Amino acid sequence: MFARAVNVRFQPDKVDDACRIVEGEIVPAMESEEGLKGQLLLTQPDTGKAISINFWETEEALSAFGSSPRYGELMGKLAGVLAGPPEGDRYQVAIRT
């Protein structure tokens, strides 16, 4: 299993709006992506810091989504609540409980 962890900074007064966008628009759209195994969004409401982690069955599925036009479209939905550009990395999931 593979994961993409993205460090995000939301505008502190827009964290609730960001969570609604992720839960109501982004997650439902991602659920149809082949190989997606799950999604987490961790937030610090007082600072606007967040970490988005999505899990993928294969590295190929992760790569395909990350380079797809849909990824850019979904990230665009967050444009009005971001305080800076997201920065992400890929990982191999070594331990899962």
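Reader: Which residue forms a salt bridge with D17, and how far apart are the closest N and O atoms?

Author: In this predicted model, local features need pLDDT of at least 70 and side-chain atom pairs count only at pLDDT 80 or more, while totals for chains, interfaces and linings use all residues. Residues are numbered from 1 along each chain as its sequence is written, and side-chain values use heavy atoms, with hydrogens and water left out. A salt bridge here is a side-chain nitrogen of Lys or Arg within 4 Å of a carboxyl oxygen of Asp or Glu. The partner of D17 is R20, and the closest N and O atoms lie 2.5 Å apart.

Reader: Why are D17 and R20 separated by about one helical turn?

Author: Helices are DSSP runs of H or I with at least four residues, strands are runs of E with at least two, and both are numbered from the N terminus. D17 and R20 both belong to helix α1 (residues 15-30). They are about one helical turn apart because their separation in that helix is three residues.

Reader: Is R20 buried or exposed?

Author: Buried means under 20% relative accessible area, exposed over 50%, and partly exposed in between (1.4 Å probe, protein chains only). D17, at 29%, is partly exposed. R20 has a relative accessible area of 53%, so R20 is exposed.

Reader: How many residues apart are E33 and R70?

Author: The side chains of E33 and R70 meet in a salt bridge with an N to O distance of 3.1 Å. This pair links distant parts of the chain, with E33 in the loop between α1 and β2 (36-43) and R70 in helix α3 (residues 69-76); the two are 37 residues apart.

Reader: Which side chain does the N54 side chain join in a polar contact?

Author: N54 is in strand β3 (residues 49-56) and is buried, at 6% relative accessibility. A polar contact is a pair of N or O atoms within 3.5 Å; within protein, one must be able to donate a hydrogen and the other to accept it, and residues adjacent in sequence count only if both atoms are side-chain atoms. At 2.6 Å, the partner side chain is that of W56.
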